[in-house]
Structures are given as C-alpha cells and as structure tokens.
Amino acid sequence: MIEAAYAVPVLMLTVFLVLEGWDFGAGLLQFVVGRSEAERGVVLRAIGPLWIWNEVWLVAFGGMTFALFPSVMASAFSGFYLAFFLLLWCLILRGVSVELRNHLGDGLWREAWDFAFAASNLLLAVLVGVALGNVVRGVPLDARGEFSVPFFTDFGVRGQVGILDWYTLSVALFVVALFAAHGASFLALKTAGPVHDRSERAARLLWPAVLALLAAITAETAIVRPDLFTGMVRSAAAWLALAIAGAGASMALVGQARRRERTAFAGSCALIAGLMGAGAAGVFPVMLHSTLDPRNSITAFSGAADGHGLRLALIWWPFAMVLAISYFGFAYRHHRGRVN
C-alpha cells in the first residue's frame, strides 16, 4: 500500500512538470521566437487557453502529499517556506501578465507585460530546478524532523546546506534548458508561420545541449547522492523509467532532425516523465533525505498517514483522477490545431 501511495504524488508531480514544462518553456522563449508584438501574441494564444488548467496538477500534488504523507508535507512546507512563497509570487506574476496584457492597446504596455511574462516563466523554471535539486541532494533535517534553509551557506552539499549551491544551480540550469527545448517542441507543433520556424530552429539547437547537461548532472548526482543509483539498479520500475527516458531522448533528436514535430514533442514528454520516474524509484523509500544524518531522513513508511487515512485517500483518488483526465481530454480536444 505504501508503494501505491508513494506513486500517486509522483504521478501528479510528473504530469505537472510535463504540462507546465512546455508552458514555462514557451513563455521563457517568447522574445526568442516572437520578434514582434503580434508574434508574441501567437505564443500566448498557443498556451493561453490551458495554462491555468495545467497548474491544477500542482495543487493535486500538494493535496495528495498532504493526505498520504502529512509528516513529509509538514516538514517540507515549513522548511521551504521562503521558496514556496517565491514560487507563488512568480505564478501570480505570470497569471497577471497574461490577463493584463491586452487591457490596453498601447505598445509599451504590452511590451512591459510580455517581459514580465517571460521573466516569470524563467524564474519558475529556475525555482522548479532548484527544488528538484534540493530533493535529490537532501535538506538539513534534524532528529525532530525539522529543518530551515537559507538561500545559501557555503555552497557545499553536506551538512547545513542552503537552497542554492553548486549542485542545485546545476540542476536548475538543466531544467531551464529542458523546459526551453520542451516549449520549443510544443510551439513547433502548435504554431504556424515565423513563430513555428524559429521554434523549430530553437528546438534543434536546444536538444543536444539538454542531453549534454543531462550527462553532466548524472555525474554530479553520482557524487552528491550515490545511493540514488544504487536504488535504481535494484528497482524494476527505475529500469522501465530509464528505458522510457532513453526512448524519449532518441525520439526528440530524431524528430527534430527529420522535422517530425509530433514525434519530437512526444519524445520530449517521455523524457521528462522517464527522468522523474527513474529518480523517484531510485530514492524510494526516502522522501526527505537529511544532509546532517541519514538516520534523520523521513521515508514513505515513517511519514505516511495511518492505515485508515491512507486507505481513504487511495479509494477517492481514482475517482478524482478520472474526472481530471476527462476534463483534460475535453479541453485539449477543444483547443486542438495550430495558432497562426
């Protein structure tokens, strides 16, 4: 039962990163693929109808983590209080940018909100990368299951660490490149005209850089958290996820080279999903790793809700998932086709 409960928030977070990943990527590339106000409007129309819905998966991740692993949520929310507020403010700024851009017809007004939109998406990609880096590296959990992290300490990855260090910044750089490539592949599939052509060129340049950064991050992770790879070797789910990630990377490269946009975009989605699945399987059962003492770490077994609460959450989750997927299918079918 614990394994099934652990898989639920992992699935929610993976769906969020796949769906919002192309929103973040398209947004941070807005000034790269859109040279004029009208072309930047094409980028917004490509993601505009669905970006709010994609954020729902982040709420679902938080809600299911709270229901299934309340101890983990309590420690993480209090420890990352500042980081969560930064994430919230960036999400608000992005939403405000989209909603207010067309309230006035003035060019300077739209230019300012376009810049705010691109900047907020870039910051969101950085924050997501830093957060994932913190989860893999670990946090300074004490024996009471509490921690507090400043922005940075000595930029080391052991002991009393901060939010930022050489490893978390490396992961953030990789995530920014990954989301940018993911967003470029999405825009190449979703748009027409000059925006499509520039998005296609951007994706062709970004994907090799993503794979090079992935190799570097893999080497760094072997130094920072070697037990992650030990866990992967023992997990059949990790091997399956790695196969999906490898197939996704090949599809993304081949699709871009042969201008098969659907293949490239499907590969992009598979790569993100595979990396998340492999990482989650590798660290299981540890959910919050302690950089002070591994014995202070919170695992899926020690942080789970009691038996009744766990069963209740797992019973209701499939009904909510069916409703979410049904609406997801309706919304994406309604907004299918290219924007020109």
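Glu20 and Arg94 are joined by a salt bridge, with their closest N and O atoms 2.5 Å apart; the term stands for a side-chain nitrogen of Lys or Arg within 4 Å of a carboxyl oxygen of Asp or Glu. Glu20 belongs to helix α1 and Arg94 to helix α6, so the pair ties together parts that are 74 residues apart in sequence. Helices here are DSSP runs of H or I with at least four residues, strands are runs of E with at least two, and both are numbered from the N terminus. Glu20 is buried, with a relative accessible area of 0%, and Arg94 is buried as well, at 1%; buried means under 20% relative accessible area, exposed over 50%, and partly exposed in between, for a 1.4 Å probe and protein chains only.

The model is predicted, so local features need pLDDT of at least 70 and side-chain atom pairs count only at pLDDT 80 or more, whereas totals for chains, interfaces and linings use all residues. Residues are numbered from 1 along each chain as its sequence is written, and side-chain values use heavy atoms, with hydrogens and water left out.

Over the whole structure, a search finds 14 salt bridges. One of them pairs Glu200 with Arg259 at 3.8 Å, N to O; since Glu200 lies in helix α9 and Arg259 in the loop between α11 (236–257) and α12, this pair ties together parts that are 59 residues apart in sequence. Glu200 counts as buried at 8% relative accessibility, whereas Arg259 is exposed, with a relative accessible area of 58%. Salt bridges with shared partners also join Arg40, Arg101, Glu111 and Asp114 into one network.

Rings of Phe, Tyr and Trp (its six-membered ring) pair if their centres lie within 6.5 Å, and planes under 30 degrees apart count as stacked, over 60 as edge-to-face and the rest as tilted. Trp22 and Phe265 form a tilted pair, 5.1 Å centre to centre with 55 degrees between the planes. This pair links distant parts of the chain, with Trp22 in helix α1 and Phe265 in helix α12 (residues 261–283), 243 residues apart. Phe265 also forms a tilted pair with Phe186, at 5.8 Å and 50 degrees; Phe186 lies in helix α8 (residues 166–190), so this second pair ties together parts that are 79 residues apart in sequence. Trp22 is buried at 6% relative accessibility, and Phe265 at 12%. Elsewhere, ring pairs link Phe77, Phe80, Tyr81, Phe84, Phe85 and Phe147 into a cluster.
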